[in-house]
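Let's take a friendly walk through this model together. Have the sequence and the 3D view ready.

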Amino acid sequence: TAHRPWARRDYVVFHIRVLMLAVVPILIAQTLLEILQTAPGISLFVASYEMLVVPGAAAGVLAVVFICAPLLIRFILGARSLEPGPVRTRLEAYGKRTGFRPNDILVWQTGNAITNALYIGIVPRMRYVVVTDALLSKLDPEQVEAVYAHEAGHGARHHTLLFMLLAIGLVLGAYSVVLAMGGLLQPLLSSLDPEVAGVTALAATIGVYVALLALFFLVGMGWLS
């Protein structure tokens, strides 16, 4: 099926939704961290045990975002249940044969611009397979089933959970490396001009995060893929 030209309003709404998918988790994370830092009683505890609470809170916030991701994707992207028909019947028959039973099969309307599918969900009752409209329109039912089977593999192997653990490991690892590096660089930084020392520490911190992100995507994501 050829790409269907969008009305300007539909085009704008689509891209706002995609942008919100990135922004909302950040807002959730920032809100939870603000609560930890400002709530009476909690903020004092955070200040007293910062080296334990900060990485623990960051890991907890990440876990919350990952667990809520299916709801965010469903409602922000406006994904809807795949309508009854030959394709849904075929996919549900695959589930009966293999025991793969997500809570629903969702369709993401992209104006036939994106051909993709994904499995999302960690906790029971919030596990979905999402397919795009372009995938349904460009592939025949047998090919759609093959893509669905691929996503079922992600679900069976708990890749979403592993991805969350990798992300948490990245945060904790980066925090630990930055702390250790700060101790090693302290003698050097103390001998520098305060402004130069601040820039040097910032550059070193950014370097650590960039290196760990590269490791995460090239090794961790490559392994999961």
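Is arginine 97 buried or exposed? Arginine 97 is exposed, as its relative accessible area is 57%. Please keep in mind that the model is a predicted one.

Glutamate 145 itself counts as buried because its relative accessibility is 12%, under the 20% cut-off.

Glutamate 145 also forms a salt bridge with the side chain of arginine 90, at 2.4 Å from N to O. Arginine 90 lies in helix H4 and glutamate 145 in helix H6, so this pair ties together parts that are 55 residues apart in sequence. With a relative accessible area of 33%, arginine 90 is partly exposed.

In total, the structure holds five salt bridges. One of them brings together the side chains of arginine 88 and glutamate 92, at 2.8 Å from N to O. Both residues lie in helix H4, four residues apart, or about one turn of the helix. Arginine 88 is buried, with a relative accessible area of 14%, whereas glutamate 92 counts as partly exposed at 38%.

## The four-stranded sheet

Now for the strands. Four of them form an open sheet in the order E1-E2-E4-E3, with mixed pairing. E1 and E3 are the edge strands, each pairing on one side only. Strand E1 (residues 80–81) is antiparallel to E2, over two bridges, while E2 and strand E4 (residues 128–132) run parallel over five bridges. E3 and E4 pair in the antiparallel sense, over four bridges.

You can follow a row of residues across the sheet. Arginine 80 has valine 107 of E2 as its bridge partner, valine 107 is partnered with valine 131 in E4, and valine 131 stands opposite alanine 117.

Strand E2 (residues 104–108) is mostly covered, with five of its five residues buried. Asp104, Leu106 and Trp108 are on one side and Ile105 and Val107 on the other, and both faces are covered.

The largest nonpolar core has 14 residues, of which Leu91, Phe100, Val129, Val131 and Tyr148 touch the most other members. Helix H4 (86–98), E2, strand E3 (117–120), E4 and helix H6 (141–156) each supply at least two residues of this core. H6 gives the most, with three residues.

Leaving aside residues up to four places away in sequence, leucine 91 touches Leu82, Ile105, Val144, Glu145 and Tyr148.

On the surface, Tyr11, Val12, Ile16 and Met20 form a nonpolar patch, with about 360 Å² of accessible area together. Isoleucine 16 belongs to helix H1 (residues 8–38) and counts as partly exposed at 46% relative accessibility.

Leucine 188, in helix H7 (residues 159–190), is also partly exposed, with a relative accessible area of 46%. How far apart in space are leucine 188 and glutamate 92? They are 63 Å apart, C-alpha to C-alpha, and 96 residues apart in sequence.

Technical notes: Residues numbered from 1 in each chain as written. Predicted model: local features only at pLDDT ≥ 70, side-chain atom pairs only at ≥ 80, totals over all residues. Heavy atoms only, no water. Patch = residues over 30% accessible without salt bridge, like charges linked within 9 Å, V, L, I, M, F, W, Y side chains within 5 Å. Areas by Shrake-Rupley, 256 points an atom, 1.4 Å probe, with all protein chains shown as cover. Salt bridge = Lys/Arg side-chain N within 4 Å of Asp/Glu carboxyl O. Buried < 20%, exposed > 50% of the residue type's maximum accessible area, 1.4 Å probe, protein only. Pairing = 2+ DSSP bridges. Core = buried A, V, L, I, M, F, W, Y, C linked by side-chain atoms within 4.5 Å. Contact = heavy atoms within 4.5 Å.
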